[in-house]
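Colleague: Please take me through a model, one feature at a time. I would like the general idea and then the case at hand.

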Amino acid sequence: MLHAFRVLARDPLFLFGVVFVGIMAIAAAFAFYVTPYPSQGEGFAAEPPPKCPGLPTAIAAVCPPSLAHVFGTEQNGRDLLSRIVFGMRTSLLIGVYTVALATVIGLSVGLSEAFFGGWIDETLMRITDIFLSFPHLILALVIIATIGPGFTSVFVALGVTWWPAFARLARGTALSVKTQNFVLAAKAAGTSNRSIIVRHILPNSLAPLTVQMSLDMGIAILAEAGLSYLGLGIRPPTADLGVLIFESQNFLTTAWWLALFPGLVLFLLVLSFNLIGDRINTYLDPRQSALIVKRLQFTTPVSR
Amino acid sequence: MNVGAYVIRRALLMAVVVLGTITVTFILSHIIPGSPAVLFAGPQSTPAEIETWTKRLGLDQPLYVQFEVYLRNILTGNFGLSWSFSFDPILPLIEQSLPNTFTLAAISTALAALVGIPLGVEAAKRGGKRVDSILRVFSVSCVAIPQFWLAQLLQLGFSVYLHVLPLSSYGGTLLYTQLHPIHTITGSYLVDALLAGNFAGFGAIAWSLVLPVTALSLYPIGVVTRQTRSAMLGVLSQDYIRTARAYGVPDRQINYRYALRNALPPVIVILALVFAGSIIGVVFIEDVFVLQPGLGHLIAQSTGTGITSSAIGAVDYPLVLALTIIVVIIYTISNFVADMLHIYFDRRLIR
């Protein structure tokens, strides 16, 4: 693992991804202190409402980027930058919750399949297959159309659609761990099943899952923004990147900054997560890691 | 296990998924708040009227009887009436919208193949060098761009500021088609215009489809580039390629005749999956560009969230559930085709 980090730490794309995500996460966590207008970010109205000179919009509170409002303001006069930072917080939170939920469900199913085998394995694998062949967006749409939009609905709906990938991965790794000697020794010593799963198999199956988790963070954030854009996720006035893009639709021809900045932030966020996952993936793949190592000019042989 | 058994197994899985979806939608249709009887009876109806409607809709029967009726209805194609389209029957609505969406998805899949495969080959050819890195970042970016935002940006750039391409597509050409009706053969505006020899109409519709297709294809291009690149890298490291090089076979021939041909199978499988994904991804595009009639437009309208829907949150439950079933059917058929392609190319995949 240390070897992996030494190579990755010299990869500029990976570094960009990690640094960007880190900065955004810290900014989102401390959103209240970082943004210039925190109350507007959370959705309360701006007082006094800003007046913008000479703008062709019917609503005078929509101001272009200026010194006071770096990204401009939206139709309720709220500062866009603050809204974006708070929106990032919502998006990141939902991403984390979704991936956590999917991992928990996927791990439980995958580990049970691998450990118990037999008919439990067969049944669970069929169920996993069924969920895998379901289109994710439709399942999420239907779930949310039934239980209504909102923060909880979104991450529950998305988590329920994504766990099959984790289950498959967990099952594969757990199967190979199960045959290791230390597991057989634990069984021979009479350790309870629960103990074996939790203390031996689980920690050793986590490694490939982390790559999947980071890739899925990007996809989860994108899916959540899409659902909010359709009005089925987070509803306004709670700030969320998808909601902000949705709100900008009516002002597309007059206030371009409303559409550009939230989407740009969303894109860079998802890009960073994808870069991180992609780089780790490339490193783990023996065919392609040779190319990275060569290009980053490791001339001396690196020992594990 | 031989090929026949595998095919039967996948077909059975397909049937199970579809049946499971129908069951789930049936359960959901009974969980949702509000009873259809109340809706049909109207806002100020007496309990007696609601009672009549309940009997008429068969809602007072035991659950398994209702399910049997539901199943029989669906298998004969009766999906019920849509709430948001003035109680039109649903199946004709969907039938009307499918051809346009299929056209869009097919064009974007073709574009993904035409652009993605050469880019992937280029990236694999110079593995590890600068061009490869740039193409890696490009493909990862394509996958990361939110499609609805990209659609808005394209509208902003090309329609609003450059006045080059139309803002909303069939919305503009819908007017065109109402003025110059296109004889309907397949149901898809683009194909029908071509088949009827109406080149002016074909040009207008194709021009208005440029932006939506671009917005729709960028994600598949990224996926196909990445997949081609990794497949090509795998093939290029093989011994027979090295032998061909040692024999002095020119590089271009190696890349295209030997390597690409062997790298194509997983790419073709991905293309089938990309087609399936495009059918669903079309939701955002058809919403932003107001492409009606279309499957994505129906989906956005039924969940009460499209640009043209009258009330946000006015969910049209029969339509949503019917669309779920239809989309799942399309999706599982595409997955099945992808599976068949997969084993056609590589028998070893059958365990």
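Modeller: First the conventions: residues are numbered from 1 along each chain as its sequence is written, while chains are lettered from A and ligands numbered from 1 in the order in which they are written. This is a predicted model, where local features need pLDDT of at least 70, side-chain atom pairs count only at pLDDT 80 or more, and totals for chains, interfaces and linings use all residues.

Colleague: What is the mean pLDDT of chain A?

Modeller: pLDDT is the predictor's confidence in each residue, from 0 to 100. Where it is low, the predicted coordinates should not be read in detail. Chain A averages 78, and 84% of its residues score at least 70. Within chain A, helix α13 (residues 286-295) has the lowest mean, 56, and helix α5 (residues 80-116) the highest, 88.

Colleague: How many helices and strands does chain B have?

Modeller: Both are DSSP runs numbered from the N terminus: helices are H or I over at least four residues, strands are E over at least two. Chain B has 14 helices and zero strands.

Colleague: Is α4(B) largely buried or in the open?

Modeller: A residue is buried if 20 or more other C-beta atoms lie within 10 Å of its own, exposed if 12 or fewer, and partly exposed in between, with C-beta atoms placed from the backbone. One of the 13 residues of α4(B) is buried, so this helix lies largely in the open. In chain B as a whole, 42% of the 351 residues are buried. After α4(B) comes Gly77(B), with a positive phi near 95 degrees.

Colleague: Which residues have the most contacts inside the largest nonpolar core?

Modeller: A nonpolar core is a set of buried Ala, Val, Leu, Ile, Met, Phe, Trp, Tyr and Cys residues joined through C-beta atoms within 7 Å. The largest has 150 residues, and Ala140(A) and Val224(B) have the most contacts inside it. α12(B) gives the most to this core, 18 residues. A second, separate core of five residues includes Tyr189(B) and Leu209(B).

Colleague: How many residues does each chain give to the contact?

Modeller: Two residues are in contact if their C-beta atoms, placed from the backbone, lie within 7 Å. Chain B gives 40 residues and chain A gives 38. On the chain B side, α14(B) supplies the largest share, seven residues.
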